[in-house]
Structures are given as C-alpha cells and as structure tokens.
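Open the structure in your viewer and keep the selection tool at hand.

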Amino acid sequence: MQIEEVKQSQRKQGRFLVKLEDGEILRVTEEELLRFGLRPGMELEEGTLEALRASARVSSVKAQAAGIIGSRALSKRELTRRLVRRGSEESDAQAAADWLEDIGAVDDAAYAAALARHYGQKGYGPARVREELRRRGVSRELWDSALEELPDPAEILDRLIQKKCRGELSDPREKKRISDALLRRGFSWSEVRSAMGRYAEMGEDGYD
C-alpha cells in the first residue's frame with residue numbers, strides 16, 4: 001500500500017494525517033512518523049501497515065484516556081471500562097491504562113485513600129467504603145490501607161446519632177429507625193450498639 005500524502009493535523013497538535021492510496025487516513029503521532037519513516041510515495045508492506053495501524057490505534061486510545069483522567073480521578077479498572085464503553089478494544093484500553101499508571105497519572109492506592117477520606121467526611125462507615133472501592137474496581141489488596149484514612153467510627157457515629165435522633169432511644173421505633181440508618185451507612189452492629197449506648201448514657205447524665 002502506497003502513501004499518497006503526509007500532512008500535519010490542523011485540529012490536534014503533534015498529530016499527522018497519513019493518506020493511503022485507497023483513501024484510508026491514518027492519524028499518527030510524530031514519534032510514529034519518525035519510527036516508521038513515513039513519507040509520501042512510500043510503499044508499506046502488509047505487516048508494516050498492520051503494525052502502523054495498531055500503533056496509531058493505541059496512541060489514539062492513550063490520548064483519549066489522558067483526556068478522561070485529566071477531567072476526573074478514576075481507578076485503572078474504571079478507566080479501562082470507560083474506554084471500552086467508548087469503543088476501544090479491551091487490549092488497547094488496558095495498554096493505555098498501563099501507560100498512564102507507569103507515568104503516575106493513574107494511582108489506585110492514592111485514589112482509594114482519597115475515596116475513603118471523602119466518604120468518611122460524609123459520615124459513612126467501613127462497609128460502605130469497601131463497597132465503593134469494590135464498585136470502582138480498586139484491588140482488594142489496597143482496601144486495608146485505604147480504610148486507615150477513615151476517621152474514628154465512634155466520633156462519626158456520635159455525631160450522626162445526635163443529628164438524627166428525634167426522641168428518646170428508649171422508644172423501640174426510634175431506636176430501630178436510627179440503627180437501621182447507621183447500618184445502611186456501613187457501620188457494624190457492634191459499633192452502632194456501642195454508640196447508641198453512649199448516647200443513652202449522655203442523656204441520662206444530662207450531657208446531651
């Protein structure tokens with residue numbers, strides 16, 4: 001296959017358009033232009049053409065991945081899924097995610113810690129944070145370190161109970177309403193029970 005024309009893209013800096021004799025246009029980087037020695041009139045063997053197509057495809061996915069990560073933090077798994085949903089091949093999406101991880105633009109450990117801090121500040125407990133980490137594709141190996149970023153569950157629970165309680169916890173319906181709400185937020189029953197016990201004692205002593 002012969003190259004008819006090579007010109008710089010007017011829309012994307014650092015990109016070049018390689019027009020083949022059959023009308024196909026490949027969008028390549030400057031690095032690919034130099035690596036493959038692309039120039040008008042050059043004959044591309046089938047193997048070279050396929051390698052060029054594959055390289056150009058991965059470069060395009062990398063650019064797309066960088067744009068996504070530039071707008072919001074994601075786990076490596078989330079980024080890969082998003083690229084695939086947008087039409088990338090799984091292998092190309094994985095390669096782009098690996099590249100961003102290698103240069104430090106994707107950091108699952110830092111992302112997991114940030115998620116834990118975020119949900120902790122919003123008043124959620126360990127179980128809810130673990131569920132979020134699972135849902136967002138963060139490796140289980142990183143969960144324990146991330147959970148260390150959570151505030152003391154007792155402090156969060158004490159604050160939530162004081163905010164949510166509408167009456168005496170001696171009322172079974174009120175007690176169930178509060179405990180169910182706290183369990184849904186990801187705290188264990190033992191943590192909830194202890195916090196409700198503290199609240200009851202504070203009420204009895206007149207410190208609430």
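A residue is called buried when its relative accessible area is under 20%, exposed when it is over 50%, and partly exposed in between (1.4 Å probe, protein chains only). The model is predicted: local features need pLDDT of at least 70, side-chain atom pairs count only at pLDDT 80 or more, and totals for chains, interfaces and linings use all residues. Residues are numbered from 1 along each chain as its sequence is written, and side-chain values use heavy atoms, with hydrogens and water left out.

**Salt bridges**

Side chains of opposite charge can pair when their charged atoms come close. A salt bridge here is a side-chain nitrogen of Lys or Arg within 4 Å of a carboxyl oxygen of Asp or Glu. The structure holds 13 of them.

Helices are DSSP runs (H or I, at least four residues), numbered from the N terminus. Is Lys76 buried or exposed? With 16% relative accessibility, Lys76 counts as buried, while Asp98, at 27%, counts as partly exposed.

Next, select Arg57 and Asp92, which form a salt bridge with their closest N and O atoms 2.5 Å apart. Again distant parts of the chain are linked: Arg57 lies in helix H2 (residues 46-71) and Asp92 in helix H4 (residues 90-102), 35 residues apart. Asp92 is buried at 4% relative accessibility, and Arg57 is partly exposed at 41%.

Move to helix H1 (residues 30-35) and select Glu31 and Arg35, which are 4 residues apart and therefore separated by about one helical turn. Their side chains meet in a salt bridge of 2.9 Å, N to O. Arg35 is partly exposed, with a relative accessible area of 47%, and Glu31 is partly exposed at 45%.

**A positive patch**

Finally, select Arg77, Arg81, Arg85 and Arg86, which form a positive surface patch. Patch residues have over 30% relative accessible area and no salt bridge; like charges are joined within 9 Å, and nonpolar side chains (Val, Leu, Ile, Met, Phe, Trp, Tyr) within 5 Å. Within this group, Arg81 sits in helix H3 (residues 76-85) and is partly exposed, with a relative accessible area of 33%.

Notes. Areas by Shrake-Rupley, 256 points an atom, 1.4 Å probe, with all protein chains shown as cover. Lys, Arg positive; Asp, Glu negative; His and termini not counted. Charge placed at Lys NZ, Arg CZ, Asp CG, Glu CD. Helix = DSSP H or I, 4+ residues; strand = E, 2+ residues; numbered from the N terminus.
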